[in-house]
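Here's a quick briefing to read alongside the model. Have a look at the fold first, then work through the notes below.

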Amino acid sequence: MNVVIVGGGVIGLMCAYRLREAGYEVTVIDQTKGTDNCSFGNAGYIAPSHIIPLASPGVVAQGLRWMLSSTSPFYIKPRLSGSLIRWGWNFYRNATEQKVRENAPHLYNISVLSRELTIRMDRELDHGFELETRGCFMLYNTPEAQKAESRLAEEARKFGMEVPVLSADEVRRMEPGISSGILGGVYFPVDCHINPPKMMNTLRAACSRMGVDFGYDQCAENFSVTGKKITAVQTDKQSFSCDHLVLAGGSWLEGLGAKLGLSLPVQPGKGYSITYKGLDSGLKYPAILVDERVAISPFSDGLRIGGTMELGGLNHEINMKRVAPIVHAANLFYPGLNLRVPEPKDVWAGLRPCTPDGLPYIGPSPIHDNVTIAGGHAMVGISLAAATGYLIRQIISGEKTEIPMDAFRVNR
Ligand SMILES: Cc1cc2nc3c(=O)[nH]c(=O)nc-3n(C[C@H](O)[C@H](O)[C@H](O)COP(=O)(O)OP(=O)(O)OC[C@H]3O[C@@H](n4cnc5c(N)ncnc54)[C@H](O)[C@@H]3O)c2cc1C
């Protein structure tokens, strides 16, 4: 069977890897050269600790407060967009205690599966993801964030995770570079981190070696449909016939789905990152600075910091007013780093594909016989990619899936 995958981000590549491994003929189409998308510039966390979906109580009120500030880590660009209004309403309805309680176990199940698979793949691919199993800190400097994180730690313990809540001194004993002025932190030993460009390049090379074909630099624009089956994908350059189609188009998923009569609400959530190449920070652990929503990731070849969530449509424009606070937060928590605010050309921007309930879409199209969807992973695409590829292969092969998939179905 010949499978065409639209989207060569981490989700598309993980699907390609698993499907090719199972003997399918696989072609990945991407509108870019495959050297930059959301899967390259992120923080690289493989984080079973992220059991609370983006849509959660408190996020709406906090988001509205933040929207009044031009330097805050969250922003919605006001615009008359039917898709944004529908998405916002759905997000609001899903941001309840009950929904979070329902969704957290599903996020946990898929995260744990994904962690195991990512660790195994890293080993099989000669440590090509540069995966480190050191855990991750959630650091705070306000009592509000301390309270929220301690509550999150309690929730995580209910899933059996070991989650120590540490004082500033205890944190500094593990990571001396952190400021003595912080209030403390929660440590998640279960979390891992990878080096995103290394992971993407390793994955692409592995897929190539296995015989996956790539159609880079071409945009999937139309589909040939016969009855309930897609028979070909037309790009702006050529046509690819297919027995099965996988849509893994990240933040473009909603538009791609609409061409096939599918409703796949997704809003692009822009984030920025800055990579200080070659900087030996001496840091051992990745960390999230909770008050500022900033992530710090030490890699073998430098240090990356990132943050912000801007719902402003499909664009990669850089707003330096929101970039500078990311650097300032890193310097506040790690005074020895003395990081400089970069030129706009040295800032990376990526679009997180955000669904209104914080769970990805992983499953068959409800109106086609040969279409499967894999996308909408928002802030956890790297975390959940390995499991997504594995589960997509099980779904397409008609096998029993490793975990229950109902929560991730497309028409939920
Ligand atoms: C600052 C930041 C930090 C993050 N940190 C983390 C983290 O620590 N851990 C984590 O798990 N996640 C993190 N994320 C989120 C993660 O990066 C995303 O969830 C993930 O990369 C999404 O992967 P994807 O393959 O769905 O989308 P993408 O990587 O965007 O890939 C989709 C691809 O589809 C292509 N495409 C779309 N439409 C078409 C078309 N019509 N024709 C051809 N090609 C098409 C696009 O060009 C794109 O290359 C972070 C994101 C940001 C912005």
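Two domains make up this chain: domain 1 covers 2-39 + 198-264 + 358-408, while domain 2 covers 48-194 + 266-354. Keep in mind that this is a predicted model. Where they touch, domain 1 puts in 39 residues and domain 2 puts in 34 residues.

**Fold and contacts**
- Count up the secondary structure of the chain and you get 10 helices and 20 strands.
- Take the contacts between residues at least 6 apart in sequence: 74% of them join residues at least 24 apart.

**Size and packing**
- The radius of gyration is 20 Å, which agrees with a compact globule, because a chain of 412 residues packed that way would come out near 22 Å.
- As for burial, 57% of the 412 residues count as buried.

**Surface and charge**
- The chain has an accessible surface of about 17,100 Å², and carbon and sulfur atoms account for 51% of that.
- On the charge side, there are 41 positive and 40 negative charges in the chain.
- The mean positions of those positive and negative charges lie 4 Å apart.

Definitions and conventions. Residues are numbered from 1 along each chain as its sequence is written. This is a predicted model: local features need pLDDT of at least 70, side-chain atom pairs count only at pLDDT 80 or more; totals for chains, interfaces and linings use all residues. Side-chain values use heavy atoms; hydrogens and water are left out. Helices (H or I, at least four residues) and strands (E, at least two) are DSSP runs, numbered from the N terminus. The radius of gyration is taken over C-alpha atoms; the globule rule is 2.2 Å times the number of residues to the power 0.38. Buried means under 20% relative accessible area, exposed over 50%, partly exposed in between (1.4 Å probe, protein chains only). Contact means heavy atoms within 4.5 Å. Accessible areas come from the Shrake-Rupley method with a 1.4 Å probe; for residues, only the protein chains shown count as cover. Lys and Arg count as positive and Asp and Glu as negative; His and the chain ends are not counted. The place of a charge is taken as NZ of Lys, CZ of Arg, CG of Asp or CD of Glu. Domain bounds come from an automatic or database domain assignment.
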